[in-house]
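I opened a notebook for this structure and wrote down what I looked up. The entries follow in the order in which I made them.

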Amino acid sequence: MKKIEAYIRHESFEPIRMELLSLGFPSLSISEVKGSGRQKGITERYRGAELTNWLRPKVKLECVVATQDVQTVVDAILKHARTGQIGDGKVFVMPVEEAYRIRTGESGEETLQAHPEVAAQATA
Amino acid sequence: MRRRTGAALLGAALASVALPGSALADTKDAAAAGVLPDSVAINSIWVVVAALLVIFMQAGFAFLEIGFSRAKNAGTVVAKILTNFSIAALAYWAIGFAFAFGNGDILGTHGFLLRDYGDPQQAFGIMGLSDATIESKWLFQFSFCAVSLAIVWGTTLERIKFAVYVIYAIVFASVIYPIASHWVFGGGWLQSNLGMQDFAGSTAVHLIGATGAFAVLLQLGARRGKYGPDGQPRAIPGHSMPLFGLGVLILWLGWFGFNPGSTLNAMDGRFPEVALVTMLAAAAGVLGAVAVARWKTGTVDIGMAGNGAIGALVAITAPSGYVEAWTAPLIGGIAGVIVPLGVYWIDRRIDDPVGALTAHGLCGVWGTLSCGIFTSPGLAKFNAVGDAGLIYTGSFHQLFTQALGIVTVFAFVFALSYATFAAIKATIGLRVSPEEEEAGLDISEHGMYGYPEQFIPAPELIGYSPAFAVPARETPRGATTKEVPVT
C-alpha cells in the first residue's frame, strides 16, 4: 500500500479526476494549499504600491492505492499536470502501514482496491 | 418624450410670446426677470431626481454582476462600471445627445456639446412637452444611455479584455444608442411616422443593450469550462448571492426614476401612476419566475427570483405610460415566466453569465409587444403616439407596428455592434488568454485582487513591509501570473 501525494495546479485537477475515475480510482482527497518553490510569486499592484506574494496557491491531491496501482495513478497525474513550466508541482509516493474501511471494519488492500464498476459507469 | 399639448407646453408658448426667445432659453435671466414659471423648477426637480435614481442603477448593475462572477473576477466589474459610465457621459454630451434628441426623422443634427441649439424647447422638440431645463433633461437621457451600455456587458463577464469596453463604449454612446433610441423615443421615424410606442425604453434602452450583448457574445465565446466535452452546460456559480440581491433591489429602486421619470413632467400628475404600474409588474415578475423555477427545477432559485424582477421591470418599461394598472401584473407575470424558460434555453447554447439576453432582450421584446395588446385608448391619445391595443380595438395594427420597430432596431444595432466587435477582434482581440482567464481578470487586467485575503497568504499581508521584503527579481511591468523561472 502506498500513499500518493501530489501538489498540482488547480486547473489540472479536473482532468486528473476524470482520468482516475475512468481507470477505476474514485477515492481521493484534495486540499487547498499554499507553498513556494522555484516558481516565482505574484507581484500585485495596489494603488501604486507593489506587493509580492511568494506563496502560490496549489491543490494537494492525496490518495492511497495498492502497490501495483501506483504507477497507473502517478502516470495519470503526470500526464495532466504537466505544462512544462516551472510551477507544475511534485508527486510523492510513500509507504502506508495499514488501512481500514470504517463502515465495515475491513482492513488491508481490499479497502483500496480499484473499482472497475465505477470505471464502467464513468465511461458508459 | 411624448408629444402632446399639455398645460406646460401652453405655458411655455405663452411665455415665448412675452419674452424674446434668447431670454427664455436662459432660465437665469427669466428667473431674474420674475417670469420663470414655477413649473420649470418643479419639473426640473423631478427630472433630476429621476436621473439620480437611474444613475444609482449603475450600482445595481455592478453588484448584480459582481455577485454572479467568481471571486477572482469581482474587482474588475467596479473598474468597468466606473470607466464605462464616464466614457458614456462625455461621448453622450459631445455627440450622442444631439443625435438622439435633436429634431429629425433619421437623426438629430444640432446640439453637439450641448451648444448652439437656440431655444431648447424648439431644438429638442420631442421633449418640448416638458418645460424642465435642458440640463436636467440631458442628465436624465444620459443616464438612460449609461444603463443601456451597462446591459451590453452582462454577457461578457470573466473573459473579455478591458480595452474592448473602452472602444465599444465610445461608439455605443456616440452613435449606436443615440441613433437607435432617436427612432424609438427621440422623435425619429418609428415614433413620429409609424406611431411605435415605447414609453421609457423596453426597446430603446433594454433591447438595444441586449442586442449589443448578443453581438459581442457570438464573437467572444463561452467561459472556459462552461461546456463540457459532451457539450452540456456546466454551472459556474457566482460567488455572492447577497451582493446579487443587493444589485437587484438597487435596480428595482432605480426603475422608479426610469419609468415615472420618463414623464419628464411632474405638473400633470402622471408619474405616480407610472410608478404604481411599475411596482405591480415587478412584483408579478418575481412570483412568476419563482413559480416557474420551482416547477422546472424543484427549488426556489435565488438568481431566478432576482432575474424575474429585472425581466418584469424591463417588460413594463415600454407600456408603463400607456396601460391601465390592471394590466401591469399580467405583463410582469408573463415576463416572470419568460425569464427562467429563456435562461434555461439560452444556457444550453451560449454562455450568458447573468441572463442579460433573457431579462433585457426577450423581456424587452415582450414589453414592447405588450403595448400593441394593452395600450388603452385614453393613454394613446394622451401621449399622442400610436393607437390603442388589440384588446380595445380588435385590430392588430399597433401590435404590428411594435413588431416592426423591434425588428428594425434589432437589425440596426446588431449590424453596427457586430461590425464594431469584429473590428476589435481583428485588431486587439476580444478575449484574454486562457492563462489570464484561469487566473482571473482582477489580477491579470488590474494587477490586484478584489478580495486579497482570499488569494494572498495572510502571514504576508500582516506586517508586510517593503523593507523586509525579498527583493523582486526583474518583475515585469504590471502584475502577471505568467510563470517566470528563477535565475
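**Entry 1: two helices of chain B**

At what angle do helix H7 and helix H10 of chain B pack, and how far apart are their axes? I looked up helix H7 (residues 134-152) and helix H10 (residues 202-220), and found an angle of about 30 degrees with the axes 7 Å apart. That angle makes H7(B) roughly parallel to H10(B). I noted the classes: under 35 degrees is roughly parallel, over 145 roughly antiparallel, 65 to 115 roughly perpendicular, and the rest oblique. The axes are lines fitted to C-alpha atoms, for helices over the stretch in contact, and the angles run from 0 to 180 degrees between N-to-C directions. The crossing of H7(B) past H10(B) is right-handed, a word used when the near helix is turned clockwise from the far one by less than a right angle. On the H7(B) side the contact includes B:Phe144, B:Val147 and B:Leu149. On the H10(B) side I listed B:Val205, B:Ile208 and B:Gly209 among them. Contact here stands for C-beta atoms, placed from the backbone, within 7 Å.

**Entry 2: what the model is**

I am reading a predicted model, in which local features need pLDDT of at least 70 and side-chain atom pairs count only at pLDDT 80 or more, while totals for chains, interfaces and linings use all residues. Residues are numbered from 1 along each chain as its sequence is written, and chains are lettered from A and ligands numbered from 1 in the order in which they are written.

I then took H4(B) and helix H5 (residues 75-101) of chain B, which pack at an angle of about 150 degrees with their axes 9 Å apart. H4(B) and H5(B) are therefore roughly antiparallel. H4(B) also passes H5(B) in a right-handed crossing. I found B:Gln58, B:Phe61, B:Ala62, B:Glu65 and B:Ile66 of H4(B) meeting B:Val77, B:Val78, B:Ile81 and B:Phe85 of H5(B).

**Entry 3: the cores**

Which residues have the most contacts inside the largest nonpolar core? I wrote down B:Ala88, B:Ala173, B:Ala180, B:Ala281, B:Leu313 and B:Ala335, in a core of 143 residues. Helix H4 (residues 38-68) of chain B gives the largest share of this core, 14 residues. A nonpolar core is a set of buried Ala, Val, Leu, Ile, Met, Phe, Trp, Tyr and Cys residues joined through C-beta atoms within 7 Å. Buried means 20 or more other C-beta atoms within 10 Å of the residue's own, exposed means 12 or fewer, and partly exposed lies in between, with C-beta atoms placed from the backbone. A second, separate core has 15 residues, including A:Ile16, A:Leu23, A:Val73 and A:Ile77.

**Entry 4: the two chains**

For chain B I counted 22 helices and 0 strands. Helices are DSSP runs (H or I) of at least four residues and strands (E) of at least two, numbered from the N terminus. Of the 487 residues in chain B, 54% are buried. Chain A has 3 helices and 6 strands, in the order β-α-β-β-β-β-α-β-α along the sequence. Buried residues make up 24% of its 124 residues. The C-alpha atoms of chain A fill a box of roughly 60 × 35 × 25 Å along the principal axes.

Most residues other than glycine have a negative phi. I looked up two residues of chain B with a positive one. B:Leu114 has a phi of about 55 degrees and is found in the loop between H5 and helix H6 (120-123) of chain B. B:Leu114 counts as partly exposed because it has 15 C-beta neighbours inside 10 Å. B:Ala384 has a phi near 60 degrees, in the loop between helix H16 (377-383) and helix H17 (390-393) of chain B. Is B:Ala384 buried or exposed? With 12 other C-beta atoms within 10 Å, B:Ala384 is exposed.

B:Asp105 touches B:Gly188, B:Trp189 and B:Asn193, not counting residues up to four places away in sequence.

Terms used: Contact = placed C-beta atoms within 7 Å.
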